[in-house]
Amino acid sequence: MSTLLDIQDLRLSFKGLRGITDVLHGISLSIAAGERVALVGESGSGKSVIARIVLGLLQETRSARVSGKVGFDGAEINTMRPRDRAKLRGTEMSMIFQDPTSSLNPTFTIGNQFAEVMRRRDPKLSRAACDARAIEMLTEVSIPNPDRILENYPFQLSGGMNQRVMIAMALVNHPKLLLADEPGTALDVSVQAQTLRLMHDLVEKHGTAVLFISHNLGVVREFADRVYVIYRGNIVEEGPTASVFHNPGHAYTRALMDAVPRITGAGLPEVPEVSDAFLAPMVRHDRGAA
Amino acid sequence: MSLLTVDNLSKSFSVAGGMVHAVRDISFAVERGECLAVVGESGSGKTTLANMLLGILSPTSGSIRFDGTELPAKRRASHRRAIQFVQQNPLSSLNAKRSIGASVRLGLDTYQIGERAQRWAKVEDALEEVGLPREMRHRAPSALSGGQRQRVGIARALACDPELVVLDEPTSALDVLVQARVLRLLNDLRTRKKLTYIFITHDLAVVRNVADRVAVFKSGQLVELGETAQIFTAPKHPYTRSLIGAVPVVDDAELDLRNRLAKGT
Ligand SMILES: Nc1ncnc2c1ncn2[C@@H]1O[C@H](COP(=O)(O)OP(=O)(O)OP(=O)(O)O)[C@@H](O)[C@H]1O
Ligand SMILES: Nc1ncnc2c1ncn2[C@@H]1O[C@H](COP(=O)(O)OP(=O)(O)OP(=O)(O)O)[C@@H](O)[C@H]1O
Ligand SMILES: [Mg+2]
Ligand SMILES: [Mg+2]
């Protein structure tokens, strides 16, 4: 399998009024073409900023300092010209954001936003062609009455509907890489399972690679081929999904697994104090081991 | 007397191409000090219900009584303070131009809570209680992670000394360790300050471990309401059963329970 995304020694800091905050301390992470990779870990540990660096967005933020290598499909994102990076977004790579209601544009209808996205790949598409394709995609993510939805504004839809709209929009141009930041959180579990299965089938069919960011370890277990665990800006564990779940090697990963609430209802899990063991070196699992 | 009583509540919206009946003839009561979970289909009317409880939307028909009095469409400040909201979308619910500290402080100023000179300290206490560093109050919402913003939403609501808190997916953006910590904190505060929660979420494993009772919504209707243990071991409505049968799980005991419910035994 060829490597699609190849991140090496990625570092990020923010410059603010109160000095410099280091956020990423040398992240290495790779994704093969068509591979589904999950990134899980602490809130605030740097998952979303990694996605925004891959998209080339943080490189254009003045307060952010990014160093290291971000190889995508043979090119180097960090040194690319801003307009070349912009051309990749929404075509070769696309993103599902954590907060769908605020990442959809509140002043345009869903139909308008679909057309805008599709015309990034093919500027000559007619509106009728865009609408037809949008309805097809919305049906695929099980949105009822998709033709009505095209005329709606985001505020007229529920949180979960907006999230499915985002998923449909992100996949409409058949990107090589999908960055999915918490794609299922606003969905009920039935629709979530269905949406993830669908996302799974779509990415499999088109050979789309996925970086899947989620706090829901149950969902990760069902969706991803491989998992990276991040803690305070460092990768602490990496391996095939089954192997990491059956045999978590790092203290932080173990604490995380133990803290998952269970539907069998043992009460809220005891939460260990942050321990020095969480800062132990990275644990790597062999490929193919389970 | 129940703290909150909802009678025959309905809400419809007119949209391009017709009407949406978001909430249809719902009745239930919430006791003081309890945690009632509201679960159900995406788009089933949970947030719409929350918006009506908060006075953000007015019902098409039906009534809402709080502590014995019927709530008017236009709420008085005392009621707005007493019923607080933690919103589903932390980013869009925080003012982008204000520091997060100023957002938390706004409630304290509006409802004249505490001495003016002590309010910044109170803001920092509120942030600290949800596990955020005190100095974070100077930051803009855009400089926070999703989970950090979500905790600001919780801090802001709790700082106002409410009686009833409507929490719409309050921990969905948190890792499970921080989530467990925040849920424990919410539980402690509930006991300590005699708070009442309406907890809207899709995370049934969380519901199992925090709620006293569960209300299940589907297509704007309340299809089942029961004690948490009963809902999870002997759900009556087929929709409840299918919902629990779809929960992503991590261990074998959970898998057993899920399979048993899926088979309907
Ligand atoms: N513009 C910014 N200025 C300063 N700090 C920032 C900025 N953006 C993000 N950060 C900080 O960088 C860290 C990583 O943020 P990021 O959004 O990647 O976290 P995350 O892992 O996605 O967390 P969550 O699971 O809560 O979404 C956080 O501690 C956050 O406060
Ligand atoms: N302002 C509005 N205008 C028109 N329709 C609306 C409006 N707000 C909500 N709706 C519709 O009402 C229904 C219920 O929406 P609501 O947001 O209450 O669902 P929800 O149960 O909170 O869903 P989710 O779990 O996805 O957040 C949906 O069909 C939605 O499209
Ligand atoms: Mg994030
Ligand atoms: Mg909602």
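Biologist: Which residue has a polar side-chain atom 2.9 Å from an oxygen atom of ligand 1?
Modeller: Arg139(B). A polar contact is a pair of N or O atoms within 3.5 Å; within protein, one must be able to donate a hydrogen and the other to accept it, and residues adjacent in sequence count only if both atoms are side-chain atoms. Ser145(B) also has a side-chain N or O atom 2.8 Å from an oxygen atom of ligand 1. For Ser45(A), a backbone N or O atom lies 3.2 Å from an oxygen atom of that ligand.

Biologist: How much of ligand 1 does the protein bury?
Modeller: The protein buries 88% of the 650 Å² that ligand 1 exposes alone. Such areas come from the Shrake-Rupley method with a 1.4 Å probe; for residues, only the protein chains shown count as cover.

Biologist: What should I know about the model and its numbering?
Modeller: This is a predicted model: local features need pLDDT of at least 70, side-chain atom pairs count only at pLDDT 80 or more, and totals for chains, interfaces and linings use all residues. Residues are numbered from 1 along each chain as its sequence is written, chains are lettered from A and ligands numbered from 1 in the order in which they are written, and side-chain values use heavy atoms, with hydrogens and water left out.

Biologist: Back to ligand 1. Where does it lie?
Modeller: Between chains A and B. 20 residues surround ligand 1, and Ser43(A), Gly44(A), His215(A), Ser145(B) and Gly147(B) are the closest. To be near, a residue needs a heavy atom within 4 Å.

Biologist: What classes make up that shell around ligand 1?
Modeller: Six nonpolar, 11 polar and three charged residues. Ala, Val, Leu, Ile, Met, Phe, Trp, Tyr, Cys and Pro count as nonpolar, Asp, Glu, Lys and Arg as charged, and the others, Gly among them, as polar.

Biologist: And ligand 2? Where is that one?
Modeller: Ligand 2 lies between chains A and B.

Biologist: Which side chain has an N or O atom 2.8 Å from an oxygen atom of ligand 2?
Modeller: That of His202(B). A polar backbone atom of Gly43(B) is 2.7 Å from an oxygen atom of ligand 2. The protein covers 90% of the 640 Å² of accessible area that ligand 2 has on its own.

Biologist: New topic. How many residues has the largest nonpolar core?
Modeller: 60. A nonpolar core is a set of buried Ala, Val, Leu, Ile, Met, Phe, Trp, Tyr and Cys residues joined through side-chain atoms within 4.5 Å. Buried means under 20% relative accessible area, exposed over 50%, partly exposed in between (1.4 Å probe, protein chains only). Ile110(A), Phe114(A) and Leu217(A) are among those with the most contacts inside the largest core. α7(A) gives the most to this core, eight residues. Helices (H or I, at least four residues) and strands (E, at least two) are DSSP runs, numbered from the N terminus.

Biologist: Now Arg137(B). Buried or exposed?
Modeller: Arg137(B) counts as buried because its relative accessibility is 16%. Its place is in the loop between α5 (119-129) and α6 of chain B. A polar contact of 2.8 Å joins its side chain to that of Glu124(B).

Biologist: And why does Pro72(B) count as partly exposed?
Modeller: Because its relative accessibility is 40%. Pro72(B) is in the loop between β5 (69-70) and α2 (77-82) of chain B.
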